[in-house]
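Here is a short tour for anyone who likes to see geometry spelled out with its cut-offs. Please keep the viewer open as you read.

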Amino acid sequence: VPVGISFYSFHALGYLIDTYRRVHPPSASFLDFALYLGFFPQLIAGPLTRWKQFAPSLERPRPLGPTEVESAGFLIARGLVKKVVLADLLGRFVDPVFATLPTAGGVEVSLALYAYPFQLYFDFSGYTDLARGLAIVFGYELPENFNHPFLALSPADYWRRWHITLSNWLRDYLFLPTLRALDRRRGARAANGPAA
């Protein structure tokens, strides 16, 4: 399976659905569309960027000035620390515990269960920071993807803060259209009335 196939698919489906819904016109340039679909920094773990978010950067890529160099450097450094230092450090503890679950002690398993979400967060969030920093270097802008999810006050708030672009994609292209279709079906049944 090609690397990043899910992100190719999400980008292509979102583009096609939004074009069909007339959220935006189709791209006039196949090369612009190909760049959007295959923009390498975001292919492995996101963020999922919509055409309407990415197209302005295609029209006017941001010049790489001192402010952009500083922003890109900060994001790349923060991403490396999260991914290479924190996620890998937690992984050295979590992975062996999960690999030996039948023989692991209760305290070890409990600590690994608490550490695992942080390992995932630092891994995904670090990758996103790296992708956003590299995008800035090339003159493009990618959306924020994590907003301090462990500071959430409820499970719903946590979901809104974790992998934001994927959550929004699932909401806009799967969840809400399904609810609308169910509402239309209920409305049609109600209009027809009870069977005589």
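## Ground rules

This is a predicted model, in which local features need pLDDT of at least 70 and side-chain atom pairs count only at pLDDT 80 or more, while totals for chains, interfaces and linings use all residues. Residues are numbered from 1 along each chain as its sequence is written, and side-chain values use heavy atoms, with hydrogens and water left out.

## The cavity

Rolling a probe the size of a water molecule over the atoms shows where empty space is left. Here, a cavity is a set of points on a 1 Å grid over the protein atoms alone where a 1.4 Å probe fits but cannot get out, and its lining residues have an atom within 4 Å of a point. Grid points are joined across faces, edges and corners, and the volume is the space filled by probe spheres set on the points. The model has one cavity of 30 Å³ or more, and the largest cavity holds about 50 Å³ of space.

Its lining is made up of Phe10, His11, Gly14, Tyr15, Tyr36, Leu48, Thr49, Arg50, Trp51, Trp169 and Tyr173. Helix H1 (5–20) and helix H7 (164–192) each bring at least two residues to this lining, and H1 gives the most, with four residues; helices are DSSP runs (H or I, at least four residues) numbered from the N terminus. By class, the lining has seven nonpolar, three polar and one charged residues, where Ala, Val, Leu, Ile, Met, Phe, Trp, Tyr, Cys and Pro count as nonpolar, Asp, Glu, Lys and Arg as charged, and the others, Gly among them, as polar.

## Aromatic rings

A pair of aromatic rings is described by the distance of the centres and the angle of the planes. Rings of Phe, Tyr and Trp (its six-membered ring) pair if their centres lie within 6.5 Å, and planes under 30 degrees apart count as stacked, over 60 as edge-to-face and the rest as tilted. The count comes to 24 aromatic pairs. The rings of Phe98 and Tyr116 have centres 5.5 Å apart and planes at 70°, so this pair is edge-to-face. Phe98 lies in helix H4 (residues 66–99) and Tyr116 in helix H5, so the pair ties together parts that are 18 residues apart in sequence.

Phe150 and Tyr158 have ring centres 6.0 Å apart and planes at 55°, so they form a tilted pair. One aromatic cluster consists of Tyr15, Phe30, Phe33, Tyr36, Phe39, Phe40, Trp51, Phe54, Phe138 and Tyr140.

Buried means under 20% relative accessible area, exposed over 50%, and partly exposed in between (1.4 Å probe, protein chains only). Gly139, in the loop between helix H5 (106–137) and helix H6 (155–161), is buried at 3% relative accessibility. Gly139 and Pro63 are 76 residues apart in sequence, yet 6.0 Å apart in space, C-alpha to C-alpha.

Thr165 lies in helix H7 and is buried at 7% relative accessibility. Its side chain makes a polar contact with that of Asn145 at 2.7 Å (N or O atoms within 3.5 Å; within protein, one must be able to donate a hydrogen and the other to accept it, and residues adjacent in sequence count only if both atoms are side-chain atoms). Lys82, in helix H4, is buried with a relative accessible area of 11%. Leaving aside residues up to four places away in sequence, Lys82 touches Ala87, Tyr121, Phe122, Ser125, Gly126 and Asp129, where contact means heavy atoms within 4.5 Å.

Definitions and conventions:
On a 1 Å grid over the protein atoms alone, a cavity is a set of points where a 1.4 Å probe fits but cannot get out, and a pocket is an open set with protein on both sides within 12 Å along at least five of seven lines; lining residues have an atom within 4 Å of a point.
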